[in-house]
Amino acid sequence: RAKIPPSNGGSRDAKSHRTAFPLRGGLMHDNSIDLQKSLHSLIQNYTFCKVNLKYDIESELPANIRYTFLSIVKEALTNTAKHSNATRIDISLREHPAFYQLITQDNGSSENVQKWSDHTSGIGMINIQERVQNANGMIQITARNGFRIFISIPKKEEKNDTDRDRR
């Protein structure tokens with residue numbers, strides 16, 4: 001079982017807690033959150049396996065996207081600690097002209113990846129899917145050569161049919 005540092009400094013067993021990373025100090029409600037620094041902090045405190053972060057976003061992300069990405073990375077790290085035998089997780093955040101992209105990929109073995117993919121209907125994965133949907137994004141989850149979550153979220157919301165009908 002993975003040992004994950006809690007906010008009080010002791011060690012906790014990953015299987016006995018819902019989340020591995022309590023967000024301290026009201027982080028989820030702070031509009032000035034720096035996503036890159038918050039991700040580095042999460043990764044620095046993550047002891048289950050090595051985490052590689054590639055952060056390639058230049059513009060200021062809207063608050064809802066920052067919170068969405070932070071929550072998803074947190075859940076992916078927690079799920080890897082609970083359900084995987086991975087030795088590495090790669091996290092990539094990129095900015096494209098029309099959308100933002102988040103990819104998490106671990107290198108867990110096929111047996112353990114299948115166990116994790118069986119949990120895609122769990123509350124954490126449902127929360128991830130709802131967050132992406134609320135941001136008008138797309139999500140793809142695969143369980144080949146590790147567990148992978150691929151997310152893209154458009155930079156600007158498209159007008160819906162009702163808005164077009166009003167013109």
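Predicted model: local features only at pLDDT ≥ 70, side-chain atom pairs only at ≥ 80, totals over all residues.
**Conventions.** I number residues from 1 along each chain as its sequence is written, and for side-chain values I use heavy atoms, with hydrogens and water left out.

**Sheet.** I looked up the strand order and found an open sheet of five strands, E3-E4-E5-E7-E6, with mixed pairing; two strands pair if DSSP finds at least two bridges between them. Strand E3 (50-56) and strand E6 (138-142) each have a single partner strand and stand at the edges, so one side of each is left without a neighbour in the sheet. From one strand to the next the twist averages 5°, where axes are lines fitted to C-alpha atoms (for helices over the stretch in contact) and angles run from 0 to 180 degrees between N-to-C directions.

I then checked strands E5 (residues 99-106) and E7 (residues 148-154), which run antiparallel and are joined by seven bridges. Threonine 104 has isoleucine 149 of E7 as its bridge partner.

**Helices on the sheet.** Helix H4 (residues 123-134) packs on the sheet and touches E6 and E7, its direction making about 150° with that of E6; contact here means heavy atoms within 4.5 Å. Helix H1 (residues 35-44) lies across E3 and strand E4 (88-95), and it runs at about 175° to E3.

**Helix H4.** I compared the span of H4 with expectation: its twelve residues reach 16 Å from first C-alpha to last, close to the 16 Å expected at 1.5 Å a residue, the expected span being 1.5 Å times one less than the number of residues. Gly124, Met125, Ile128 and Val132 are buried in H4, with buried meaning under 20% relative accessible area, exposed over 50%, and partly exposed in between (1.4 Å probe, protein chains only). Seen down the axis of H4, the buried residues fall within an arc of 100°, so they line one face of the helix; the arc is that of the directions from the helix axis to the C-beta atoms. Their cover includes helix H2 (63-83), E6 and E7, whereas the face turned away from the buried side carries the exposed residues Ile123, Gln133 and Asn134.

After H4 comes asparagine 136, with a positive phi near 60°.

**Glutamine 105.** This residue of strand E5 counts as buried at 19% relative accessibility. A polar atom of the glutamine 105 side chain lies 3.0 Å from the backbone oxygen of asparagine 145.

**Serine 92.** Serine 92, in strand E4, counts as buried at 9% relative accessibility. Its side chain is joined to that of arginine 94 by a polar contact of 3.5 Å, meaning a pair of N or O atoms within 3.5 Å; within protein, one must be able to donate a hydrogen and the other to accept it, and residues adjacent in sequence count only if both atoms are side-chain atoms. Not counting residues up to four places away in sequence, serine 92 touches Lys54, Gln101, Leu102 and Ile103.

Notes. Helix = DSSP H or I, 4+ residues; strand = E, 2+ residues; numbered from the N terminus.
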